[in-house]
Amino acid sequence: MDFPPRAVCPRCGRKSLGNMERVKLSGRGQVVTYSIIHDAPKDFEMMKPYVLAIVQMDEGVRMTSQIIDCEAAEVKIGMRVETAFRRLGAEGEAGIIHYGYKFRPAM
Amino acid sequence: MNVRRVSIIGVGETQFGELWEKSFRDLGIEAGLRAMQEAKIAAENVDALYLGNMSAGKFIDQEHVAALVADYSGLVDQHLPTVRVEGGGACSAIALHQAAMSIASGVHDIVIVGGAEKMTDVGDVEANAILSSTTDQEWESVFGATFAGLYAMMARRHMFEHGTTREQLAAVAVKNHRNGSMNPNAQFQKEITLETVLQAPRVAEPLGVFDCAPLSDGAAALVLCSAEKARKFTDTPINLIGTGHATDFLAVHDRRDITTMDASVIAGKRAFHAAGKTPNDVKVAEVHDNFTITEIMAIEDLRFVPKGKGGYATEDGETALNARISVNTSGGLKARGYPVGATGVAQAVEIVRQLRGEGGRRQVSGAEVGLTHTLGGTGGTAVVHLFERGD
């Protein structure tokens, strides 16, 4: 299983072409590693400091995003988290707003 | 296949630093002409120019930079073939490989390889965003992953799995600044203390300002020649005896192990195999230390120390000047400076000087074999070159 969905499986190569299936993830996983970001890109200036993490989903794939809705000091490796639908950024003041997933402590 | 051996007959580099008074082309020309002068070759001897450059398009809004550098270096009447190589921070290490293959194959006899970057024409925030463009923009950067943040997550996991400490990370910066204090071309020539590193403002925890290599301007160049003809130009040719070049998943979260760069492991194995050497043969190495954690992972991935022991070895002084293996004698990216595109060639310049015995106050005694290790992005590309005295 891979995230994001790929046209070709990195392990089985050509055999996988046209045979990849979509799977819905549970949205639950645990923190593999994290960092508290103080030097932020322009679009993230308002959020800093924020917690960036790599999360391993229960299905096995890993994803990178922020951890929200908790204090930075509460974040630990192994902590259970779940995805939350959030605003990621925007293309300028009047541009398209990007939405996507972040993680919050599991309920 | 019959391949010809390749020697380095001339090296040159600029000062590294925030060089407001010098343009990109000034830097490229300066390094290239110094290398040509040292090799005592004329324009008509040169068969081709390879140039590593990460992102002149974004940093100075100029593309087509290899032809530009040849033009302004007085090589225009030669109408040379020029190649600009891209590959994040590994670009000029890849350029060196490509140039060496053009000689090994018999197509060219003498080739100039350069690396150059002019980073300080843009502000810090923009420069860091440009560095970030070598990571996976769609699946890392969009979510707030900075270049430092991705390396910081490797550091955090390394600390968790292997017991690496903040002090061990800091020891890398202290050592490289000490080496840089003996390099007149280094951006930072001042020693720093462990406390300075530990108390510096945080960038991306656990990394602080002194865990990060600076933004720099600078360039470096090599003159390569087929080994059989090298003796005509120099008494101390340095041979390029093996290269490994490998890639991996671009995104850190896709990697097999977040605390190992498989690209480095495989590039290292390929280079040692090609050269018929082992890590024990290497006395001096320039490894990619854009962050302190990067050097710790590099010395593990190249098998200089066992996995997980990079921090301990650094803290114990095993990688200090003239210790078991001298790592980043130039000061590394940390203190010599990190003009991204110049990195691989600048590392090679240092190794050539060390193997010739021209290391000055930072000379490694008895260095016969040297290594360079250069990364693109967060380890999506790794290149390892091995060098040996040709006499």
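Chain B and chain A bury about 2,400 Å² between them, with carbon and sulfur atoms accounting for 64% of that area. Of the area that chain B buries against chain A, 28% comes from Phe143(B), Met153(B) and His253(B), more than from any other three residues. The model is predicted.

**Chain B against chain A: contacts**

- The contact involves 24 residues of chain B and 28 residues of chain A.
- The rule finds 1 salt bridge across this interface.
- Arg6(A) pairs with Asp254(B) in a salt bridge, and their closest N and O atoms are 3.2 Å apart.
- Polar contacts between chain B and chain A number 13 residue pairs, counting pairs with both residues at pLDDT 80 or more.

**Chain B against chain A: make-up of the chain B side**

- Two elements of chain B, α6 (147-162) and β5 (202-204), each give two or more residues to the side that touches chain A.
- The largest contribution is from α6(B), which gives 6 residues.
- By class, the chain B side holds 13 nonpolar, 5 polar and 6 charged residues.

**Domains of chain B**

- Domain 1 of chain B takes in 6-123 + 216-230, and domain 2 of chain B takes in 131-212 + 241-389.
- The centres of the two domains, taken over C-alpha atoms, are 23 Å apart.

**Domain 1 against domain 2 of chain B: contacts**

- In this interface, 39 residues of domain 1 are in contact with 35 residues of domain 2.
- Glu13(B), Phe16(B) and Gly89(B) supply 21% of the area that domain 1 buries against domain 2, which is more than any other three residues supply.
- The rule finds 2 salt bridges across the interface of the two domains.
- Polar contacts between the domains amount to 15 residue pairs, again with both residues at pLDDT 80 or more.

**Domain 1 against domain 2 of chain B: make-up of the domain 1 side**

- The elements of chain B that give two or more residues to the side of domain 1 that touches domain 2 are β1 (6-13), α4 (91-104), β4 (110-118) and β7 (217-226).
- This side of domain 1 has 17 nonpolar, 16 polar and 6 charged residues.

**A further salt bridge in chain B**

- Glu38(B) and Arg356(B) form a salt bridge through their side chains, with an N to O distance of 2.9 Å.

Note on methods
Residues numbered from 1 in each chain as written. Chains lettered and ligands numbered in written order. Predicted model: local features only at pLDDT ≥ 70, side-chain atom pairs only at ≥ 80, totals over all residues. Heavy atoms only, no water. Contact = heavy atoms within 4.5 Å. Buried area = accessible area lost by both parts, 1.4 Å probe. Salt bridge = Lys/Arg side-chain N within 4 Å of Asp/Glu carboxyl O. Polar contact = N/O pair within 3.5 Å; in protein donor to acceptor, adjacent residues only side chain to side chain. Helix = DSSP H or I, 4+ residues; strand = E, 2+ residues; numbered from the N terminus. Nonpolar A, V, L, I, M, F, W, Y, C, P; charged D, E, K, R; others polar. Domains from an automatic or database assignment.
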